[in-house]
Amino acid sequence: MQQSTRLSFWHLPLVFYVKRCRSGGTYGLLWRLGRTQFSCPSRVLKDQWITNLRTSVKTHSPRRPNRLLVFINPFGGKKKGRKIYHSLVAPLFELAGISSHVIVTERANQARDHLLKKDLIGFDGVVCVGGDGMFSEILHGLIGRAQQEAGICENDPSVTLQPSSLHIGIIPAGSTDCVCYATVGVIDPVTSALHIVVGDSQPLDVCAVHQASAPLRYSVSLLGYGFYGDVLAESEKHRWMGPLRYDFSGTMVYLCNRSYAGIVQYIPADPVLSSPRDRTRCLSGCSVCSRTDLTGTSFVRLVCLFASPLTFPDEWVSVEGRFRCVSLTCMSCACPRSPLGLSPSAHLADGTGDLILVWDTNPLGFLKYLYRHTSAQDQFDLPFVEVHRVKAVRFSVPSSKEEEDCEEIGEPNKQKTPDSFLCGLCCSKSSAVSVWNCDGEILPITEVFCRIHGQLLHLYARGIEDQALHGCSVENEATSYIN
Ligand SMILES: CCCCCCCCCCCCC/C=C/[C@@H](O)[C@H](CO)NC(=O)CCCCCCCCCCCCCCC
Ligand SMILES: Nc1ncnc2c1ncn2[C@@H]1O[C@H](COP(=O)(O)OP(=O)(O)OP(=O)(O)O)[C@@H](O)[C@H]1O
Ligand SMILES: [Ca+2]
C-alpha cells in the first residue's frame, strides 16, 4: 500500500512523526505515530524536502538505531510478548528503516548467555520484550560483556565498571514492568517502541550486589530483604496465576507478620545535592541527574570497607535491630501497583540509591506503610520508617548472641511483635532469615555488599515526561517519512 502511494502520489509525500497524548496518570505521556501529507509542485522540490528532512533527523537524533537485536520472552506476564512485538512494534521499526534480528527465547538465561558469548558487531542496541526479569537478564549480559571486553574483573567491588556501548530498549510485556514504568512513565509498547525509533538515551544507575559465596548480581529496581524477599519466594510457587501472583503472595506474607534481625551499614550520599524526602521527582531532563559527578566515590576506601566495614567508621553509619523490610532502590520503582513508587524522589541517574528501613512494627502500622504506596501520602512519614540516600550498603545478620544482647538493651524498634498472628496459613514454620529479592530474582543468601555504579547503563528512553510541560500534541518529533 505504501508502494502504491509512492507511485501514484509522488507529489503528496507522507511524513511520520511522534505525537504526545495524555496518559491516565499525573505524569508520563503516551506517544503515538502521527502522519501528515503535504503536496509538492515538483519532483525536484520533493527530493530536496526529503534530503533536508533526513539530514535534520540525523543531526537531531544521532543515536537512532539502524540495527537491533530483539529478545522476546514468550512466557513473560500474560504471555503476549510475541503478539505485542509483531503487531505493535515490528511495523514501527520497519517504517523507520530499522532492521532487527529477533530471538524468541526457549529457556531462561538464553538472552544473557547470547549477550555474553555471541558476536554483537553491527548492533546499535538490544530490545527486551518482557518484564523486569527479562530486562535483568539483558542487563547482566551486557554489563558482563562490557567488563569482559575491557578486561575488568567485575567481582572486585573497588573497580569502576565499564558502561555497555549498547542501549537497551524495553517493550513492556511482563507482570510488574517497573523499569519501563519508572523510566518512561507509562506501560505502553507503542510509546516504548517510538522512544527506540527516535534513539532516546536515558542513563541508569546500577547497584552491584556482591555476595561472599555466590556470583555477583546487578539490580536497578528493588533489592529487598524481608517482606519483598518473602513475597517473591512465595510468588514463585504460584507462577501459574500470572501477574496476580504478587497480590496473592503479598497478602499471604503480610498475614504471616514476619520481621527479621539485621545489621545495616551504609555510606550516606552528599545531602546537599538531594534528599529522598525533598518531594521532588526525577523527570525528563532532571537537573540532579545531569549534575551528577561520577568521579566522586573513593574506591580505595570502598574496597577497604568491603573487607572490614569498621575501618572507616566516620563514613559508614551502622544500625541494628529487627526489620519488616530493608529495601535498596536505584530508582523510584514506580509501577502500576504503586504509581509514585517505593521512593518517589529517587533519581534514575544520580549515582545513588535510596535505602528504606522499615523497622518492626504492629500489623496495622505495616499495612498503613504498604497502603501509602498506592496513594500520594508520604510513606516515610511514619515513626518506624527511615529512608537514606546512599552510595553503598552492607547487610549482615547478627549472631544469636548479638541478637539477644540487642533485644536486652532495647533497640529503637523496641517492642517485639508476635512472630505471626496467623501463623500456619502460608508457612509451616517461620524462618530466622529471609531472602533477597533482586529485581524479581531470589538471592538465597543474607549477607550482601552493595555498591551503586552511576549511569552504568543506557536505555532508549528519556525519563518521565511531565504532562504540565508537554501538552497533548504540542511538541512533535519527526520519526520517519515515506515519499
Ligand atoms: C493494602 C495494599 C498494599 C499495596 C502495596 C503495594 C506495594 C507495591 C510496591 C511495589 C514495588 C515494586 C518494586 C518492583 C520490583 C521489581 O523489581 C520486581 C520484579 O518485577 N517485582 C516484584 O518483586 C514484585 C513485588 C510485588 C510486591 C507486591 C506486594 C503486594 C502487597 C499486598 C499486601 C496486601 C495486604 C492485604 C492485607 C489484608
Ligand atoms: N523461554 C523462556 N522460558 C522460561 N523462562 C524464560 C524464558 N525466557 C525468559 N525467561 C525467564 O522468565 C523470567 C520472567 O520473565 P519476565 O520478566 O519477562 O516476566 P514476568 O516475571 O512475568 O514479569 P516481571 O519480571 O515484570 O514481574 C525471567 O527471569 C527470564 O529469565
Ligand atoms: Ca539513583
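1. Let's start with a term: a residue is buried if 20 or more other C-beta atoms lie within 10 Å of its own, exposed if 12 or fewer, and partly exposed in between, with C-beta atoms placed from the backbone. By that count, 45% of the chain's 483 residues are buried.

2. A word on what you're looking at. This is a predicted model, in which local features need pLDDT of at least 70 and side-chain atom pairs count only at pLDDT 80 or more, while totals for chains, interfaces and linings use all residues. Residues are numbered from 1 along each chain as its sequence is written, and chains are lettered from A and ligands numbered from 1 in the order in which they are written.

3. Now the overall build. The chain has 13 helices and 17 strands; these are DSSP runs numbered from the N terminus, with helices being H or I of at least four residues and strands E of at least two. Take two residues as in contact if their C-beta atoms, placed from the backbone, lie within 7 Å. Among contacts with a separation of 6 or more, 78% link residues 24 or more positions apart.

4. UniProt, in an unreviewed entry, puts the feature "domain: DAGKc" at residues 63–213. UniProt positions follow the numbering used here, feature names are shortened, and annotations may be inferred rather than shown by experiment. That stretch is 38% helix and 23% strand, and its end C-alpha atoms sit 40 Å apart.

5. (Being near a molecule or strand means having a C-beta atom, placed from the backbone, within 6 Å of it.)

6. How do the two shells split by class?

7. Ligand 2 has 21 residues around it, and Gly76, Gly130, Gly131, Gly133 and Gly174 come nearest. Helix α5 (residues 132–150) supplies the largest share of this shell, 4 residues.

8. Since 8 of its 10 residues are buried, α8 is largely enclosed by the rest of the structure. The buried ones include Phe227, Tyr228 and Leu232. Among the elements covering them are β9 (222–226), α9 and β11.

9. Strand β10 (residues 260–268) has 7 of its 9 residues buried, so it too is largely enclosed by the rest of the structure. Strands pair if DSSP finds at least two bridges between them. β10 runs antiparallel to β11 (residues 317–329), with 7 bridges, and Val264 stands opposite Val319 there. β10 is also antiparallel to β13 (residues 385–396), with 6 bridges; Gln265 has Arg394 as its partner in that strand.

10. Finally, Gln110, in helix α4 (residues 110–117). With 16 other C-beta atoms within 10 Å, Gln110 is partly exposed. Its C-alpha atom is 10.0 Å from that of Met134, 24 residues apart along the chain.
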